[in-house]
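Hi,

Here is the structure I promised to pass on. Have a look at it first, and my notes follow below.

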Amino acid sequence: MKNKIGKLTLAGMLAGALTTSQIAKANDIVIGTRGPTEWQMDIKAGYNEKEDAKGNVTRTVTQNDVLKYWNTMIKGDMGEAGVWAFCNVPAYKSVDNGKSQDSGFGDLMFGAGPRGSFNIGNGSLHVLTQGGAILPTGDMEKGKPSLTGDRTDTFAGMFLTWFPDAKKKMEIDLTAQYTFAGENSLGVKGQDSISGGLIAGGRVFDNKMLEIRLAGGINGSMNTLGNYSYGPRGVIRFTPKFKSGKKWGHLEVIGDYDSSAKNMSKGYGVMTQVRVNF
């Protein structure tokens, strides 16, 4: 009985760690700016491979659909202010630990907060703040890898983007977030964690048909036990241009590698994202 409880507790902790890791990788190109339309949909597909200290490899495939809403309530010469909200629907998740495999629905995440931008000299600073929760809606089946953190976590964070020039050719993006871990179904509380990242880059190609932006930097996370993981991140974004002038969306590819870790799994991840502006 004790072994069974121990295994269930460990499975919940590992699933929670994977969930926290995905949150930590939120940094992106122009992360602090609002979308060009009130409503957006991000269609994401990702793959990551992690190896723990014992050499056990876990491979995870995900497909998430993220609905976003933005508005502008105040606008003037100094900048603008409004609110934003999102809901991340984990439509598909597959976890393979080398011994068993499971797939299905993952954990639902949602959040909202105030946003704004400030004109500073020739450039501008863009800020998004958020608070939200991760709900344990994922599948958990005996003898198979868990698709859920098996607990309700809440979080608060901030995204910043600074453009030093009016044409937004260059950018610096900063992410910081604190996650308050809840208790799982066995009454075991998870570890709170802080995550964040810094990337920099800008426009590397631009003509009448296409804009390409490229950025790179570092992302990582650390929990209250002092366990951590961090490493480099690279992002490339392709934005097609249309004669109508409307920005219908873009295609993006993100790559991560955990170059260092303490008591956390190390590995790499790749994600593609298609954004559609309504």
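Which residue in β5 is the bridge partner of Val 95? That would be Asp 102.

Before the rest, some housekeeping. This is a predicted model, where local features need pLDDT of at least 70 and side-chain atom pairs count only at pLDDT 80 or more, while totals for chains, interfaces and linings use all residues. Numbering runs from 1 along each chain as its sequence is written, and side-chain values use heavy atoms, with hydrogens and water left out.

Now the strands (E runs in DSSP of at least two residues, numbered from the N terminus). β1 (residues 39-51) pairs with β2 (residues 57-70) in the antiparallel sense over 13 bridges; pairing takes at least two DSSP bridges between two strands. Tyr 47 sits opposite Val 61 of β2. Five residues lie between the strands of this hairpin, and Gly 55 there has a positive phi near 90°.

On to β4 (residues 79-96), which pairs antiparallel with β2 over eleven bridges. Here Tyr 69 has Ala 85 in β4 as its bridge partner. β4 also runs antiparallel to β5, joined by four bridges. Their hairpin has four residues between the strands, with Gly 98 at a positive phi near 90°.

Beyond its neighbours within four places in sequence, Tyr 92 is in contact with Val 61, Thr 62, Gln 63, Ser 103 and Gly 104, contact being heavy atoms within 4.5 Å.

Cheers
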